[in-house]
Amino acid sequence: MLLLSTSNKLVNLNTIKNKVVVFCYPRTGKPEEEPPHGWDEIPGARGCTPQLCGINSKENLYEKFGVTVFGLSTQSNTYQKEVIERLNLKFDILSDSNLDFTKALHLPTFNVANMTLLKRLTLIIENGIITKFFYPVFPSTKAADDVLEYLTTQKS
């Protein structure tokens with residue numbers, strides 16, 4: 001299954017030969033926009049920007065483990081490109097705006113303001129096989145540390 005990345009490449013997570021970490025998150029907002037009505041009351045919805053910034057700050061540690069990192073949301077590629085630029089992210093975000101990947105893996109979602117959004121989770125994929133699944137991820141800033149701890153224990 002092909003997912004469009006923010007660098008305009010079609011990515012098939014099944015064919016990448018090394019370890020891949022996919023940080024799934026609901027959505028990023030734009031500074032000038034209000035979040036959807038009721039957003040703050042949805043458990044786990046807040047925190048996407050801090051999560052992405054936390055992952056970005058540890059990018060060199062992922063490189064140490066030979067890991068390819070992606071973000072993933074159901075937002076459009078155009079929307080995701082804005083967040084890549086605004087936050088100066090060093091990794092690509094994949095768009096599953098058609099929900100093909102989400103449905104194929106039966107990933108947990110929720111609906112708000114006519115949007116189907118992923119719940120926050122992390123996948124570790126090795127040679128096309130999901131070998132580790134972090135869910136739920138809370139708080140959002142814990143995602144990067146959870147993966148690095150896992151990678152460290154696997155290395156030993």
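Predicted model: local features only at pLDDT ≥ 70, side-chain atom pairs only at ≥ 80, totals over all residues.

**Stop 1**

Residues are numbered from 1 along each chain as its sequence is written, and side-chain values use heavy atoms, with hydrogens and water left out.

N114 sits in the loop between strand 6 (109-112) and strand 7 (115-118). Helices (H or I, at least four residues) and strands (E, at least two) are DSSP runs, numbered from the N terminus. Check the backbone here: phi of N114 is near 60 degrees, a positive value in a residue other than glycine. Most residues other than glycine have a negative phi, and most peptide bonds are trans.

Now hop to N127, in the loop between strand 8 (121-126) and strand 9 (129-134). N127 isn't a glycine either, yet its phi is positive, about 50 degrees. With 49% relative accessibility, N127 is partly exposed.

**Stop 2: two cis bonds**

Follow the chain into the loop between strand 9 and helix 5, where you'll find P136. The peptide bond from Y135 to P136 is cis, with omega near -5 degrees. P139 lies in the loop between strand 9 and helix 5 too, and a cis bond joins F138 to P139, with omega about -10 degrees.

**Stop 3: the cores**

Which residues have the most contacts inside the largest nonpolar core? Select F23, Y62, I93, V147 and L151; the core has 25 residues. A nonpolar core is a set of buried Ala, Val, Leu, Ile, Met, Phe, Trp, Tyr and Cys residues joined through side-chain atoms within 4.5 Å. Helix 5 (143-155) is one of the elements giving two or more residues to this core, and the largest share, six residues, comes from helix 5.

Zoom in on L151. Leaving aside neighbours within four places in sequence, L151 is in contact (heavy atoms within 4.5 Å) with K19, Y62, F65 and V67. A second, separate core of 16 residues includes L3, L72, L118 and L123.

**Stop 4: charged pairs**

Side chains of opposite charge can pair when their charged atoms come close. The whole structure has four salt bridges, each a side-chain nitrogen of Lys or Arg within 4 Å of a carboxyl oxygen of Asp or Glu.

Pick R46 and D40: their closest N and O atoms are 2.7 Å apart. R46 is exposed at 54% relative accessibility, while D40 is partly exposed at 47%.

Next, select K58 and D145, which meet in a salt bridge at 2.6 Å, N to O.

Finish with K142 and D146, whose side chains meet in a salt bridge at 3.5 Å, N to O.

Methods: Buried < 20%, exposed > 50% of the residue type's maximum accessible area, 1.4 Å probe, protein only.
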